[in-house]
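Welcome! Take a look at it first, and then read on.

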Amino acid sequence: MKPINIYQPELGTEELNAIKQVFDSNWLGYGRQGTRQAEFVKSFANKIITNSFDGIAFSPANPKDLITISCCSEALFQSMQTYIEPGDEVIIPTIGFVAAANAVIANGGTPVFCDVNKRTLNVELEHIKSKVTNKTKAIIIMHFAGVPCDIERITEFCSHHNIKVIEDNANSPFSQVNVKSTGTFGDMGLWSFDPMKVITTGDGGIIYCKDKKILQDIKYRTYLGLKGSAKSNPVDDKWWEFDIESPGSKATMNDISAAIGIEQLKKVDTFLAKRRFIHDVYTKELSELGWLETPPDIPTGTVSSYYMYHIQLPTETMRNGLAKYLRTRDIYTTFRYYPLHWVKYYGSNIKLPNAEYAANHTLCIPIHQSLSNNDIDKILTTIKSFK
Ligand SMILES: *Cc1c(COP(=O)(O)O)cnc(C)c1O
């Protein structure tokens with residue numbers, strides 16, 4: 001029997017054929033010059049809703065507001081390079097991704113960790129408010145497990161206080177609040193397509209930003225700072241000449257990744273339906289047990305991407321025990337995200353009681369589109385037999 005993975009991509013012949021076509025074309029799309037790269041952005045934009053008028057009329061994202069990037073961690077670094085200066089403070093929920101704090105420090109800022117809701121593990125406006133000082137320049141928030149946080153109130157508060165909002169949308173690629181996609185509420189939204197996410201391109205990401213100047217600057221900075229493309233100089237010029245806009249590095253997406261992404265997008269509605277199905281079965285079967293907590297209901301008016309399913313046990317001993325019990329029976333579980341204020345390197349000695357409770361009681365169990373009905377049965381029977 002193969003072990004049941006906690007995260008797993010679902011890739012098939014469609015993706016393989018798409019890669020073969022890229023090979024056959026002999027043009028793998030250096031920089032952002034691939035035809036698949038552009039097509040991926042367009043297909044992706046069609047899945048993202050940016051404007052919703054009372055939930056009646058809505059419009060997809062403009063592909064011009066999106067750029068591809070090598071990964072979401074790089075996007076976090078780019079966001080901090082855009083918005084902060086040395087000495088600035090950036091608020092990050094402690095249940096967050098390591099690259100967020102790294103990006104703040106790498107740009108001379110100070111990460112200020114805040115607490116989250118003990119059950120949803122999402123940040124709430126009150127947690128952010130309690131950490132705001134006159135040095136606060138930005139916040140980097142996420143939508144834990146794919147369930148949207150209270151993003152409307154958070155963005156309203158932040159725009160009043162001149163605080164930039166970066167939405168790390170890696171957990172919530174297709175989540176919505178009142179028929180508007182998460183990732184489009186803040187000043188900048190960041191997506192990840194690494195192999196553990198809802199859809200994958202191998203590695204890869206997307207940045208959404210309405211500010212054309214900022215997006216253009218990031219384009220330069222992540223493609224060697226080149227002003228034009230090597231290919232765009234006409235043949236009657238010396239096409240090898242160039243100039244740069246900035247001393248940029250290189251963090252683009254190639255056409256092999258984009259070709260995989262295009263096929264993944266065609267399947268994403270099925271992926272999300274499967275994840276939702278598993279979520280509902282888990283909640284129905286596990287909420288009856290009485291000795292564990294299933295995740296809180298998904299708030300009305302919101303749509304989840306069902307990226308993770310987290311249960312909470314009454315004690316840390318039980319949580320650790322269940323994790324080992326499942327692992328020895330070939331079922332992998334994990335806890336996300338290890339609190340950043342506990343990472344020694346960041347040198348924080350504050351107490352954040354809700355996050356600490358969550359870190360000691362929570363276990364994420366497998367929820368992904370590759371799970372078979374047998375896998376789901378096995379996970380449920382094994383959990384039920386613990387105790
Ligand atoms: C995976 C993940 C990232 C990083 O994405 P990469 O594309 O792997 O760099 C960032 N934030 C969160 C919340 C993630 O889960």
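Accessible areas come from the Shrake-Rupley method with a 1.4 Å probe, and for residues only the protein chains shown count as cover. On that basis, the protein exposes about 17,700 Å², and carbon and sulfur atoms supply 52% of it. This is a predicted model, so local features need pLDDT of at least 70 and side-chain atom pairs count only at pLDDT 80 or more, while totals for chains, interfaces and linings use all residues. Residues are numbered from 1 along each chain as its sequence is written, and side-chain values use heavy atoms, with hydrogens and water left out.

**Overall build**
- The protein has 11 helices and 13 strands, where helices (H or I, at least four residues) and strands (E, at least two) are DSSP runs numbered from the N terminus.
- Its radius of gyration is 22 Å, close to the 21 Å that the globule rule gives for 387 residues, so the protein is as compact as a globular protein of that length. The radius is taken over C-alpha atoms, and the rule is 2.2 Å times the number of residues to the power 0.38.
- Along the principal axes, the C-alpha atoms fill a box of roughly 75 × 55 × 45 Å.

**Inside and contacts**
- Of the 387 residues, 53% count as buried (under 20% relative accessible area; exposed is over 50%, and partly exposed is in between, with a 1.4 Å probe and protein chains only).
- Among contacts (heavy atoms within 4.5 Å) with a separation of 6 or more, 71% are between residues 24 or more positions apart.

**Threonine 136**
- This residue lies in strand S6, which covers residues 136-142.
- Threonine 136 counts as buried because its relative accessibility is 7%.
- Not counting residues up to four places away in sequence, threonine 136 touches Glu89, Ile91, Lys131 and Ile163.

**Threonine 315**
- You will find threonine 315 in the loop between strand S12 (309-312) and helix H9 (316-327).
- At 34% relative accessibility, threonine 315 counts as partly exposed.
- Leaving aside neighbours within four places in sequence, threonine 315 is in contact with Asn360 and His361.
- The C-alpha atoms of threonine 315 and leucine 292 are separated by 9.8 Å, and these two residues are 23 residues apart along the chain.
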